[in-house]
Amino acid sequence: MAFLELVDLDKRYTQKGNLIVKHMNLSIHKGEFLVFLGPSGCGKTTTIRMISGLEEISGGDILINGKSVVSLPPKDRGVSMIFQSYAVWPHMTVRENIAYPLRLQKVSKKDIVTRVEKAAAAANIMELLDRYPTQLSGGQRQRVAVARAIVVEPQIFLMDEPLSNLDAMLRVSMRSELKNIHESLGATSIFVTHDQSEAMSLADRIVIMKDGLIEQIGTPKDVYFDCESIFVASFIGVPPTNFFHVSVLKDDAGLLLKSQDVSYRVDALEEKMLSPYVGKEVVMGVRPENLEISDTFDDNTFLTTHADFIEPQGSHIIVISKLESSVIKISSSKLELQAKSLIHVSVKDRKAMFFDKDTEKRIRLQEE
Ligand SMILES: Nc1ncnc2c1ncn2[C@@H]1O[C@H](COP(=O)(O)OP(=O)(O)OP(=O)(O)O)[C@@H](O)[C@H]1O
Ligand SMILES: [Mg+2]
């Protein structure tokens, strides 16, 4: 059974306002580490604030362990939240900060002492307990916020961009610590971020949101290799997926995808998938690392162009080329490639995704 369930969850901030979160359905398993990823304003914070009880819902339901919690106040939901601006209280020592939620719960003094020390040990701040927040670095303050969130031994741990105020190095080390803490507590966590590398490295499953809707839910591998929509294919991956608007043409040899710039002979499996689109346009998506550069033209050549710019990345290069109708990026290991040279580009191992131009959703093989 799902541990945390969102059922047709709706949110509008004013009576007549637009739906900010639209009929969201989501089942989260116990112990799972889920990451919400999506552009600014898509409703990530709103959703987790509704789960924590800090924000009222406008429709639908939120179930924890099979029971609706929407009428419970935040403190009775077994949920802890860490915010982006880690909000530790400056006038309290670290120890008092961590103890605060336990004092609200009227936990005994003796238990407070032991639980604060346990949480501080997990967040690795034992030696900072008697300092004030102003005497701490950003990363240390963030750990205080973590300790304060875990001290209540939450069933569900909600983190809203908890690392965004930290520098790049600290972000990476704190994120593995947060994952460790999640695992050692056996908690169920939702982590919100803009940062896809953070999402990829932390998540059991990623929920990709856009305009208050879930675009795709899947493992990091799924959302990268098996995108449900143009949005997901363009949002995940750096550099992003290259897109080509191609016409689906039928000739004696089968199906051919063609545009001003490209030409792609379809194989049997792709033909099955694309045959309803003969005479129409589809959008073809190919990731930069799935385009292959060669010096010679052959049957597999997808497009011929010039390597207009080359961006060395150490282990590989990014080749940027302006086509008639778009700019493409190719990730290549041909470190010796010279800018301006003529290149023939093919698609590796049929690693192309096809999308419906109107719905922008992935075209899949229809089950017979
Ligand atoms: N208290 C509020 N009153 C009215 N509208 C709000 C309120 N809080 C958020 N919104 C709107 O709801 C939408 C979703 O906001 P939300 O903060 O959930 O986005 P987000 O995905 O967390 O974005 P970000 O990545 O920038 O933090 C936005 O359009 C925002 O302007
Ligand atoms: Mg937010």
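**Entry 1: His29**

I began with the contacts of His29, leaving out residues up to four places away in sequence, and found that His29 touches Ala2 and Phe3. The model I am reading is a predicted one. I placed His29 in the loop between E2 and strand E3, which covers 33-37.

**Entry 2: the whole protein**

I stepped back to the overall figures. The protein has nine helices and 21 strands. I took the box along the principal axes, and the C-alpha atoms fill roughly 80 × 45 × 35 Å. Of the 368 residues in the protein, 36% are buried. I also looked up contacts between residues at least 6 apart in sequence; 65% of them join residues at least 24 apart.

**Entry 3: the sheet with E1 and E2**

Strands of a sheet pair through backbone hydrogen bonds, either parallel or antiparallel. Which applies to the sheet that holds E1? I found an open sheet of four strands in the order E2-E1-E4-E5, with antiparallel pairing. Its edge strands are E2 (21-28) and E5 (67-68), each of which pairs on one side only. I followed the pair of E1 (residues 4-11) and E4 (residues 59-64), which run antiparallel and are joined by five bridges. Within this pair I noted Glu5, which stands opposite Leu63 in E4.

**Entry 4: helix H1**

I listed the buried residues of helix H1, residues 44-52, and got Lys44, Thr47, Ile48, Met50, Ile51 and Ser52. Gly53 follows H1 and has a positive phi, near 95 degrees.

**Entry 5: H2 against H3**

I looked up how helix H2 (residues 94-104) packs on helix H3 (residues 109-122), and found an angle of about 125 degrees with the axes 10 Å apart. H2 and H3 are therefore oblique to each other. The crossing of H2 past H3 is right-handed. From H2 the contact takes Arg95, Ile98, Ala99, Leu102 and Arg103; these meet Ile112, Arg115, Val116, Ala119 and Ala120 in H3. I sorted the contact by class and have seven nonpolar, no polar and three charged residues.

**Entry 6: H2 against H4**

I then turned to H2 and helix H4, residues 138-150: their axes come within 7 Å and cross at roughly 30 degrees. H2 is therefore roughly parallel to H4. H2 passes H4 in a right-handed crossing. On the H2 side I wrote down Val94, Asn97, Ile98, Tyr100 and Pro101, and on the H4 side Val144, Ala147 and Arg148. By class, this contact has six nonpolar, one polar and one charged residues. I marked Ile98, which is listed in the contact with H3 and again in the contact with H4.

How many bridges join E9 to E10? I found five between E9 (residues 205-210) and E10 (residues 213-218), and the two strands run antiparallel. I looked up the partner of Ile206 and found Gly218 in E10. The hairpin has two residues between the strands, and Asp211 there takes a positive phi near 45 degrees.

**Entry 7: a cis peptide bond**

I checked the bond between Val238 and Pro239, which is a cis peptide bond with omega of about -15 degrees. Pro239 sits in the loop between helix H8 (230-235) and strand E11 (242-251).

**Entry 9**

I looked up Lys340, which is not a glycine but has a positive phi of about 80 degrees. Lys340 is in the loop between strand E19 (327-332) and strand E20 (342-347). Lys340 counts as exposed, because 9 C-beta neighbours lie inside 10 Å.

I went on to Arg350, not a glycine either, with a positive phi of about 60 degrees. The loop that holds Arg350 runs between E20 and strand E21 (353-356). Is Arg350 buried or exposed? I noted 11 other C-beta atoms within 10 Å, so Arg350 is exposed.

Terms used: Residues are numbered from 1 along each chain as its sequence is written. Chains are lettered from A and ligands numbered from 1 in the order in which they are written. This is a predicted model: local features need pLDDT of at least 70, side-chain atom pairs count only at pLDDT 80 or more; totals for chains, interfaces and linings use all residues. Two strands pair if DSSP finds at least two bridges between them. Two residues are in contact if their C-beta atoms, placed from the backbone, lie within 7 Å. Axes are lines fitted to C-alpha atoms, for helices over the stretch in contact, and angles run from 0 to 180 degrees between N-to-C directions. Angles under 35 degrees count as roughly parallel, over 145 as roughly antiparallel, 65 to 115 as roughly perpendicular and the rest as oblique. A crossing is left-handed if the near helix is turned anticlockwise from the far one by less than a right angle, and right-handed if clockwise. Ala, Val, Leu, Ile, Met, Phe, Trp, Tyr, Cys and Pro count as nonpolar, Asp, Glu, Lys and Arg as charged, and the others, Gly among them, as polar. A residue is buried if 20 or more other C-beta atoms lie within 10 Å of its own, exposed if 12 or fewer, and partly exposed in between; C-beta atoms are placed from the backbone.
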